[in-house]
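Dear colleague,

Here is the structure I said I would pass on, and my notes on it follow below.

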Amino acid sequence: MHPASPRAAVASPRVGGSGGSSKAAWWAAAGHLITAMFGAGKPFFRCILGLPYALASLGWVAGTLTLAFITASSCYSAFLLADLHILKDGRRMRTLRGLAREVLGPWGGRTILAFQFTEMLAAALVYTIAGGAALMGLVHGCYGAKGAECASFSYPTWPWAVTFGGAMIVLAQVPDFRSLTGISLIGAVAPVVYAATALASLIAGGPVEGADRTMIRKPTAFGTAMNICQGIGAMAFCYGGQTVQNEVSYSLRSPPSVIQSVRRALTVAFAIITVFYFGVAVAGFAYQGNQVAGNILLAIPYQVPAIIAQVCVLLQVGAAYNVYCMALYHALEEAIVTRGLLPRGVLSRPWLLRLAVRGAFVAFFTFLAAAIPFFNQISGLNGGLTMIPLCFVSPILMTQVYYGAHMPTWRRALDWALIGVFTGLAVVATFGSVYQIAMNADEYQLFA
């Protein structure tokens, strides 16, 4: 372990009015974590909405076991990260990069910083595109079973991405995670509603007659293998709460014990997510077989439930955008204040600093989202390169470096085996994403 450094002792107050108070309750943290993990606009894939297709890509046995393994591993790594929130000397680690710098040294901090910010920047783009697409769907009636019909029409998404970005500039003015609690709880309830709506619609519609319920097979063996890789990646990318877990944990009040509060929040979050992930994945594949769409909401045949689900997608994407970007906002504001990059009149007024920094950030990424609306189709590459190492590998690695010397041999062997497995999964998911990009490259258009 590397010696303590003042830079990593993140108990100092935040600048720019970002808020360093730790007064949130455990249920607020659970809301933040559910919003960050559970959703339709989740970076890199549609997450729960694409799980039935992912399960069909692997088949019943391999798909169910893979999803169970990834769920258990994500839960395990999240609880390990919770235990690392307070170091042996009693300091609370406010950020994941600060924790990495403390445990792994400067190179660790820089590596995690690069992974975390790359993922967050990609999230800002993908959420803006997903939010714009949800808005466009509501306006043009492209929801539920009608969504597939709208694919034949060339409705531009960039005006709606700009509209969504304007709303995000307003929501970005919320100072910190504690103040974001209400928005985050809406973001936590919304995916539960649209997942329950999808489940109910599948059950009400009944099984598709004659559907093949074996794994999806492409015309070539190589194509089938690549589809399996993408399915594994889709499952892994559904878990990413570790990216913001430290910031969420730092918002918790003490007493009671912060670690106990984080564990309670994680328990509730994973319990809810697991029920709906498995419910939607199994029901989608069981009722529709390998004809299941990549977005299970396209299976909703009724107009009112389809509209409700589409509205909930929009609400969840808007909330998740701010949960994911809050840590990035704080880092940008701190860097700007430390270096004096804006006039003193702006730096001395927290609300004006937020308006300038966050407004410029959202505006820039809204422009990028409008310019490259196909980014959500290629961002799976970023998921394999950064999200899996960040959320699955790094918590286990830091635990081994910090506590490994005092662990039994079997525990060290288990942790290093998991590190190896998820490093391999990152390679598999990246390879599958590269293949998908190559297959769809002709469809990519700017400002479409």
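Accessible areas here come from the Shrake-Rupley method with a 1.4 Å probe. On that basis the protein, which is a predicted model, exposes about 17,500 Å², with carbon and sulfur atoms supplying 69% of that area.

As for the overall fold, the protein has 17 helices and 0 strands, and 55% of its 448 residues count as buried. Among the contacts with a separation of 6 or more, 85% are made by residues 24 or more positions apart.

On the surface, Trp60, Val61, Leu65 and Val282 form a nonpolar patch, and together they have about 370 Å² of accessible area. Helix 3, which covers residues 60-83, gives the most to this patch, with 3 residues. Val61 lies in helix 3, and it counts as exposed because its relative accessibility is 61%, where the cut-off for exposed is over 50%.

The buried residues in helix 14 include Leu353, Val357, Phe361, Val362, Phe365 and Ala369. An α-helix has 3.6 residues a turn, so residues three or four places apart point the same way. As to what the buried residues of helix 14 pack against, the partners are helix 5 (106-140), helix 7 (158-171), helix 12 (303-339) and helix 13 (344-347).

With best wishes

Methods: Residues numbered from 1 in each chain as written. Predicted model: local features only at pLDDT ≥ 70, side-chain atom pairs only at ≥ 80, totals over all residues. Heavy atoms only, no water. Patch = residues over 30% accessible without salt bridge, like charges linked within 9 Å, V, L, I, M, F, W, Y side chains within 5 Å. Salt bridge = Lys/Arg side-chain N within 4 Å of Asp/Glu carboxyl O. Helix = DSSP H or I, 4+ residues; strand = E, 2+ residues; numbered from the N terminus. Buried < 20%, exposed > 50% of the residue type's maximum accessible area, 1.4 Å probe, protein only. Contact = heavy atoms within 4.5 Å.
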